[in-house]
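I set out below my notebook entries on this structure.

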Amino acid sequence: MKIALIGYGKMGKAIDAIATAKGHEVILRIDHDAQHLLEKEHLGQADVAIEFTTPETAYHNIQKCFEANVPVVSGTTGWLEKLPEVNAECEKGHHAFLHATNFSIGVNIFFEVNKRLADLMASQPQYNVWMEEIHHTQKKDAPSGTAITLAEQLLASVDRKKGWVNEETQQTDMLSIISKRIDPAPGTHTIHYSSPIDDITITHTAHSREGFAAGAVVAAEWLKDKTGVFTMRDVLNL
Ligand SMILES: NC(=O)C1=CN([C@@H]2O[C@H](COP(=O)(O)OP(=O)(O)OC[C@H]3O[C@@H](n4cnc5c(N)ncnc54)[C@H](OP(=O)(O)O)[C@@H]3O)[C@@H](O)[C@H]2O)C=CC1
Ligand SMILES: O=C(O)C1=N[C@H](C(=O)O)C[C@H](O)C1
């Protein structure tokens, strides 16, 4: 499979190593200074693009993939207010687009555990719930995309929480998400349920970026000859 890597930072490099070891050919490595490679004459030669860049540039990069008619897997976080627009453009143009706030298999299982626990806690108001996410200091967005996905899942079940805030709060109807930036943390997410009698916490801790990168390559292999809008749930059949 011929892969275009859009974004060649920490994730782009980790994906390059895994894709190459699996026998794929990385034909383009596009960073901030190589914007001309996003034109159809270059990008159009790839079977699939994998996009891990910045909140400011992801939307534009995905548009360029649509223009070149190249299926695109994107993991960039912090821009997701535009996701519905991208999904609609993908459907309209019969392109292929797969986004996940977290590509690791472990986190995708953790998402399912989170939903189940939230369903069980919906009728147990004695438990307050709050979240914590810890990432490296270079991370640009807060809360993490994964934390937002976890919060949205939780809010869909636990209706004593009306929304989330990215700080500690005394508002009992708001879900507090605490973001900490500590090197070299690749990504830790914890959900705390706390009652006067006991606490239940669930945590996912990434030990490296390998899980995110390996999941993105699996997603690209899966997306290659498809059209439509997909998530990691489709890839993993969850
Ligand atoms: N979904 C998931 O599983 C995961 C998602 N992420 C997300 O992925 C994104 C990238 O993370 P990470 O690799 O750690 O970040 P880095 O800062 O290490 O890398 C970002 C890269 O994007 C490049 N870039 C910036 N603007 C453009 C542009 N216009 N076109 C092409 N490339 C560009 C930068 O180039 P330059 O250096 O030249 O500026 C750099 O190479 C973040 O949003 C992060 O939250 C991270 C891990 C897992
Ligand atoms: O920026 C990161 O590093 C990560 N970003 C993703 C997120 O925002 O959830 C996924 C992972 O936690 C690492």
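I began with His-94, which I found in the loop between helix H4 (83-93) and strand S5 (96-99). I take helices (H or I, at least four residues) and strands (E, at least two) as DSSP runs, numbered from the N terminus. His-94 has a positive phi near 55 degrees, although it is a residue other than glycine. His-94 is exposed, since its relative accessible area is 60%; buried means under 20%, exposed over 50% and partly exposed in between, with a 1.4 Å probe and protein chains only.

I note that this is a predicted model, in which local features need pLDDT of at least 70, side-chain atom pairs count only at pLDDT 80 or more, and totals for chains, interfaces and linings use all residues. Residues are numbered from 1 along each chain as its sequence is written, chains are lettered from A and ligands numbered from 1 in the order in which they are written, and side-chain values use heavy atoms, with hydrogens and water left out.

I next looked up Asn-69, in the loop between H3 and strand S4 (72-74). Asn-69 is not a glycine, yet its phi is positive, at about 55 degrees. Asn-69 also counts as exposed, at 51% relative accessibility.

I then turned to the peptide bonds. The bond from Ala-142 to Pro-143 is cis, with omega near -5 degrees, and Pro-143 sits in the loop between strand S6 (128-135) and H6. The bond from Asp-183 to Pro-184 is likewise cis, with omega near 0 degrees; Pro-184 is in the loop between strand S8 (174-181) and strand S9 (188-194). I recorded these entries because most residues other than glycine have a negative phi, and most peptide bonds are trans.

My last entry concerns the largest pocket. I define a pocket, on a 1 Å grid over the protein atoms alone, as an open set of points where a 1.4 Å probe fits, with protein on both sides within 12 Å along at least five of seven lines; lining residues have an atom within 4 Å of a point. The lining comprises 39 residues, and Met-11, Phe-52, Thr-53, Thr-54 and Thr-76 lie nearest the centre of the pocket. Helix H1 (10-21), helix H3 (58-67) and helix H6 (145-157) each supply at least two lining residues. H1 gives the largest share, three residues.
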